[in-house]
Amino acid sequence: MTIVPDIPSLYTPTGPVPPEFDLPGPVVIENWLVDGRLEPWTGEMQTVTSPIHVDTGSGPAPRVLGACPMLDEAAALAAVDAASRAWDHGRGLWPTMRVDERIRCVEEFAHRMSEKRDEIVRLMMWEICKTLPDARAEFDRTVEYIHDTVDALKDLDRASSRFVIEKGIYAQIRRAPLGPVLCMGPFNYPLNETFTTLIPALIMGNPVIVKPPRMGKLLYGPLAQAFLEAFPPGVVNVAYGDRRILGPIMKSGKIGVLAFIGSSKAADALRLQHPHPHRLRCILGLDAKNAAIVMESADMDLTVQELLSGSLSFNGQRCTAIKIVFVHESRAKELVERLGAAMAALPLGMPWDEGAKITPLPEPGKTAYLTEIIADAKTHGATVANPGGGETAMSLFRPALLYPVAADARLFHEEQFGPVVPVVPFSDMEEPIQAIINSGYGQQMSIFGSDPVKVAELVDPMVNQVCRVNLNSQCQRGPDTFPFTGRKDSAEGTLSVTDALRCFSIRTLVAAKGTPGNKALLSDILRERRSSFLSTDFLL
């Protein structure tokens with residue numbers, strides 16, 4: 001099999017696909033997980049292609065990877081009914097199960113999932129073109145996240161394993177599940193970011209419908225059996241398809257929580273279809289236009305290194321990527337020259353190529369969009385500042401550094417979500433501050449500088465605009481124990497290992513006056529372990 005494009009100015013293939021990373025044949029998912037069974041699907045199928053082009057004999061074309069079900073409305077509602085039965089108005093096996101028993105199910109799943117590592121990594125490389133090291137890191141980080149979530153739940157449960165006594169009232173305050181959850185993750189982290197909502201939702205007692213992302217869905221095939229074997233019927237349901245199945249799911253009114261990572265426009269459309277919006281809790285990770293401000297006092301060696309990684313890791317296809325750079329005019333020429341040279345040196349290649357930093361873009365039409373916003377920036381006075389920036393060959397796109405980008409250019413405001421880096425010079429710090437204030441987004445920002453007085457003066461207003469200020473480092477999500485959220489149109493709810501457990505549950509208590517009869521009643525329930533909620537068990 002020959003990989004194309006074979007364009008020396010952009011990318012020269014290193015040879016055949018290494019056998020250990022190739023796919024033995026089409027990956028066809030012929031069933032879907034619903035109500036504790038792998039249900040055969042005989043309806044419409046969706047062809048899944050790779051952004052990697054191969055020589056078909058009649059010209060280059062995206063490689064066909066396989067196919068998966070394209071569920072219809074009836075199937076979508078069957079998934080809703082399965083999750084609803086597992087919930088059973090809070091009376092189902094899963095929501096009433098003891099915490100330690102739910103933990104055992106999640107740990108069993110993590111064990112079975114780990115056995116699929118190589119297969120999932122290979123599918124991730126082909127379907128979204130994540131490099132081999134990054135795909136492995138995503139898988140390993142996800143497994144680690146599962147174990148960290150288990151530990152966090154144990155800590156949370158230990159803290160609530162005692163009764164409180166206030167004004168003669170005995171009470172136990174614990175966290176209870178909310179109901180069926182619709183989990184939807186993004187294509188750029190189809191495993192990790194989906195699981196940062198899926199796992200806490202499950203472990204807190206909520207049945208879940210997982211809707212795999214539009215790209216990165218084949219990896220859910222190997223996981224289906226692990227879900228089936230680890231969880232009771234109906235607790236995990238996997239609904240393949242497009243937006244046509246989301247309307248029926250939301251309109252059913254049976255979804256208690258929407259866990260969605262994607263665009264704010266899509267999130268709004270989903271929320272509005274629920275017939276009882278006040279009963280719907282939304283946990284949302286949305287758009288971002290994270291800015292970096294480079295001060296006069298910046299260490300340029302460090303700054304260029306962090307900006308390069310922060311803006312172009314996984315082709316800049318991260319919500320946490322730095323998507324606009326403001327630089328003091330006294331350092332602008334130096335920054336542009338050094339960052340442009342570093343960008344020009346980034347190796348382009350296929351996901352399995354050793355050292356590859358820029359890989360094909362999985363989103364259809366993405367190279368055309370990036371070319372369009374570069375052209376718009378040029379009409380407003382910007383130039384491409386790195387050699388070859390913006391060159392394209394099918395789904396490959398050489399990163400482009402644009403300078404100076406004007407405030408009326410689309411690239412100044414739009415989240416490009418790709419390997420285009422706009423640089424904006426400023427003379428007065430009020431200019432980037434106002435740009436961040438006027439932005440519709442408020443996830444993170446980075447400050448590069450060594451003057452403690454000026455850095456501190458910038459930190460104080462910025463923490464009221466974004467939810468994470470990074471000093472002399474790129475924007476990022478981790479560690480997973482840190483809160484991950486945003487202001488404005490960037491997020492709703494907070495995702496960290498501990499915060500996510502709270503997002504997918506609600507504080508609930510059982511209270512009784514401290515009469516002799518009530519004391520005897522509570523003592524008997526606790527001693528004989530008659531209740532899953534009322535318990536003084538201490539998890540080890």
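Begin by selecting helix α7, residues 243-251, where Ile-245, Leu-246, Gly-247, Pro-248, Ile-249 and Met-250 are buried. Buried means under 20% relative accessible area, exposed means over 50%, and partly exposed lies in between, with a 1.4 Å probe and protein chains only. Helices (H or I, at least four residues) and strands (E, at least two) are DSSP runs, numbered from the N terminus.

The model is predicted: local features need pLDDT of at least 70 and side-chain atom pairs count only at pLDDT 80 or more, while totals for chains, interfaces and linings use all residues. Residues are numbered from 1 along each chain as its sequence is written, and side-chain values use heavy atoms, with hydrogens and water left out.

Next, display what covers the buried residues of α7, including α1 (73-87), β9 (181-184), β10 (208-211) and α8 (264-272). Contact here means heavy atoms within 4.5 Å. Just after α7, select Gly-253, which takes a positive phi of about 75°.

Turn now to helices α2 (residues 99-114) and α5 (residues 192-203), which pack at an angle of about 145° with their axes 9 Å apart. Axes are lines fitted to C-alpha atoms, for helices over the stretch in contact, and angles run from 0 to 180 degrees between N-to-C directions. To see the contact, select Arg-102, Ile-103, Val-106, Phe-109 and Met-113 of α2, together with Phe-195, Ile-199, Leu-202 and Ile-203 of α5.

Remain on α2 and select Asp-100 and Arg-104, which lie four residues apart, about one turn of the helix. Asp-100 forms a salt bridge with Arg-104, the closest N and O atoms being 3.8 Å apart. A salt bridge is a side-chain nitrogen of Lys or Arg within 4 Å of a carboxyl oxygen of Asp or Glu. Asp-100 is partly exposed at 23% relative accessible area, and Arg-104 is partly exposed at 48%.

Another salt bridge joins Arg-398 and Glu-391, with 3.4 Å between the closest N and O atoms. Arg-398 counts as buried at 11% relative accessibility, whereas Glu-391 is partly exposed at 32%.

Finally, select Arg-318, in the loop between α9 (300-312) and β15 (322-328). The backbone oxygen of Gly-310 lies 2.8 Å from a polar atom of the Arg-318 side chain.

Conventions:
Polar contact = N/O pair within 3.5 Å; in protein donor to acceptor, adjacent residues only side chain to side chain.
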